[in-house]
Amino acid sequence: MSALRTRVLAWSIWAAGIAFTAGGLALLAASFGIDLPDSWGFRGFTALFAVTFGTLGALIVAARRSLIGWLLLIGGLMSGIQCFAEEYAVYGVVAKPGSLPAAAYFGWINSWIWVFIVAMVGVFPNGRLVSPRWRAAAIFTIAVSVFLALTLSLTDGPLNNAPFVANPFGVRGFVAIDVVTGTPQLPFLIGYGGMVVSAVIAIASVVVRFRAARGVERQQMKFLVFGSGILVLGFIAGAGLQQQGKIGQVFFILALQVIPVSVAVAVLRYRLYDIDVLINRALVYGLTSAAIAASFFVLIIVLQTPLRPLTGGSELAVAGSTLLCFALFQPVRRRVQSTVDRRFYRSRYDATRTLDLFASRLASEVDLDAVGAELAAAVAKTVRPTHVSLWLRKPEP
């Protein structure tokens, strides 16, 4: 296919996804405020995936004709279809029953289409397998995806993600999730467990690809690892906030948006090598924050016991712990920065040591020629230029 036809097809798929999304959001606005049974996420959240996945996928296809761009693009289209199908079913079944034809069937589509959107994640950076030996992993992912989608599409009774619709294709007695209690049944656990195993396999393939990558592809893998790390943190934070209701789900939905962004930045190679700085800062401030948080809670426990007879409460312990943690922030950050540089960024660590050594020698050196030689050596070790020249103005007589 020619480059022009490729771009036309890509932007046509993008336009279709956006059109479905716009239609879904219009139906949402028309039925906003009606009472619905609780379901995961919030109404219309798949519109976010339709816009981010679809737009970034179209940009990648137009610029690089990469297979990963097509996967993101199709994921965006399917997200738009899911957004439209969900709101079409809500309007036609709950808001104004009987006003739209086949509303129950659109609710049925909404119940299982998300499985294939999730299954598309992981083939990076060119959309192909790491090697032919990984074909079994791809077959397994496809198999468990189809199994889970069939499980959800054939469940008897209320539909997943659309509990206000009775499944028009449900098999009597077959239940994937008990919608009333929210308890997953064995078929769903098997399918969803297989999807989790597929995610672990995808992570393993990323590790294998990263270790074998060189040059630009290695930098691309760093971007994917960086985005995946944020997604994992979002998943952990979302799980920790699950008791707060929708807060944890919203947090995880927003974290998911990092994946298409990191893929697009890596493939399009815009300021690609700045990822080292981002990873460095993320490691340093993430570890520092974790250390300070742990110290805060430990100090509260330690200080509460001796202060309780004096204060009758924990306010003074909290205030004292806060002040101590504030004082510890900079020393802990410097120690963590040094450890991260030494373990993961050895060149930067060696460059810093070289500059420190040069500064100490400069303080005690009086010979101008020796200073020039030391300066040239320090520049060569830290910046590593192809050529070093030093010009010194002669002192006035």
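I take helices (H or I, at least four residues) and strands (E, at least two) as DSSP runs, numbered from the N terminus. The model is predicted: local features need pLDDT of at least 70, side-chain atom pairs count only at pLDDT 80 or more, and totals for chains, interfaces and linings use all residues. Residues are numbered from 1 along each chain as its sequence is written, and side-chain values use heavy atoms, with hydrogens and water left out.

Entry: the loop residue A102.
I located A102 in the loop between helix 3 and helix 4 (103–119). I noted that its phi is near 60 degrees, a positive value in a residue other than glycine. I found A102 partly exposed at a relative accessible area of 40% (buried is under 20%, exposed over 50%, partly exposed in between; 1.4 Å probe, protein chains only).

Entry: helix 1.
I read helix 1 as residues 3–30, with 28 residues. Its buried residues are T6, A10, I13, G17, T21, G24, L27 and L28. I looked up what covers them, and helix 2 (46–64) and helix 3 (67–95) are among the elements.

Entry: aromatic pairs.
I recorded 13 aromatic pairs (ring centres of Phe, Tyr and Trp, its six-membered ring, within 6.5 Å; planes under 30 degrees apart are stacked, over 60 edge-to-face, the rest tilted). One of them, F20 with F84, is edge-to-face at 5.8 Å centre to centre, with 65 degrees between the planes. This pair links helix 1 to helix 3 across 64 residues. F20 is partly exposed at 31% relative accessibility. F49 and F53 form a tilted pair, at 5.9 Å and 55 degrees. They are separated by about one helical turn because they lie four residues apart in helix 2. I found F49 buried at 9% and F53 buried at 10%.

Terms used
The expected span of a helix is 1.5 Å times one less than its number of residues. Contact means heavy atoms within 4.5 Å.
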